[in-house]
Amino acid sequence: HFGFTAFRAGQGEVIESLLAGRPALAIFPTGGGKSLCYQLPAILLEGITLVVSPLIALMKDQVDGLVSRGISAARLDSSLSAEEVHAIYARMGAGQLKILFIAPERLANENFRRRLAGCRISLLAIDEAHCISEWGHNFRPDYLKLAGFANELSITRILALTATATPLVATDIRKSFGISERDHHQLSFRRPNLSLRVTPCQEEEKRDLLLARLQVDPTLPSIIYATRQETAESLAAF
């Protein structure tokens, strides 16, 4: 299905944890191959794999890619019509889906949970799992309910995935889903093609310093990040 001859770093270990029936946490950098960690077990295991994701664009991209590889996948999100939702429910009921992508809010829908209760759920994959932690930068209250839903539906095979988790956030995720230390798989975030330099300075020094840096080689493309739109517009004018 996927066209690979070998696993990338960490993938094999995560998949082994899941196939052994244990919940796992995968903290891989962006582009580290997190998706394969649930897509391959989804094909190998009997039943349907639920993937919780907060991003509609990501869900659509994943579903399109899976369908193009001959894997039965679908997504339930707010962009679908009632007819499209009913068609997906029919495929769920008939056991015709291997992977279903949903937003975390979907699990609060009682009708949807009733339908899930009639399905054999082989795996629950939670993308952007740092959203579960109140210590995280992207906390979403609906993520807090996921552990309860997993218990309610008797799902024991769970994969939490994220590219951003401090030790505190990782501990929070593991505690929520009963993930042991041996099933916490983490890769290095070091990028050998990137070098980082930090220059501490006073607020009033920032613009002159920035200008001096940009003037070192004005031909190089540059990106300036700001935390607020107002700051970005003011910097652009400067």
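Reader: Which residue in E4 stands opposite valine 51?

Author: E4 is a strand covering residues 99–102; strands here are DSSP runs (E, at least two residues) numbered from the N terminus. Over in E4, the residue facing valine 51 is phenylalanine 101.

Reader: What should I know about the model itself?

Author: It's a predicted model, so to speak of local features takes pLDDT of at least 70, side-chain atom pairs count only at pLDDT 80 or more, and totals for chains, interfaces and linings use all residues. Residues are numbered from 1 along each chain as its sequence is written, and side-chain values use heavy atoms, leaving out hydrogens and water.

Reader: How many bridges join E2 to E4?

Author: Two strands pair if DSSP finds at least two bridges between them. E2 and E4 pair in the parallel sense, and their bridges number four.

Reader: And which residue in E5 is opposite valine 51?

Author: E5 spans residues 121–126 and runs parallel to E2, with five bridges joining them. The E5 residue opposite valine 51 is alanine 125.

Reader: Which residues of E2 point the other way from Ile48, Leu50 and Val52?

Author: In a regular strand, side chains alternate between the two faces of the sheet. Ile48, Leu50 and Val52 point one way from E2. Pointing the other way are Thr49 and Val51.

Reader: Is E2 largely enclosed or left open by the rest of the structure?

Author: Buried means under 20% relative accessible area, exposed over 50%, and partly exposed in between (1.4 Å probe, protein chains only). Five of the five residues of E2 (residues 48–52) are buried, so the strand is largely enclosed.
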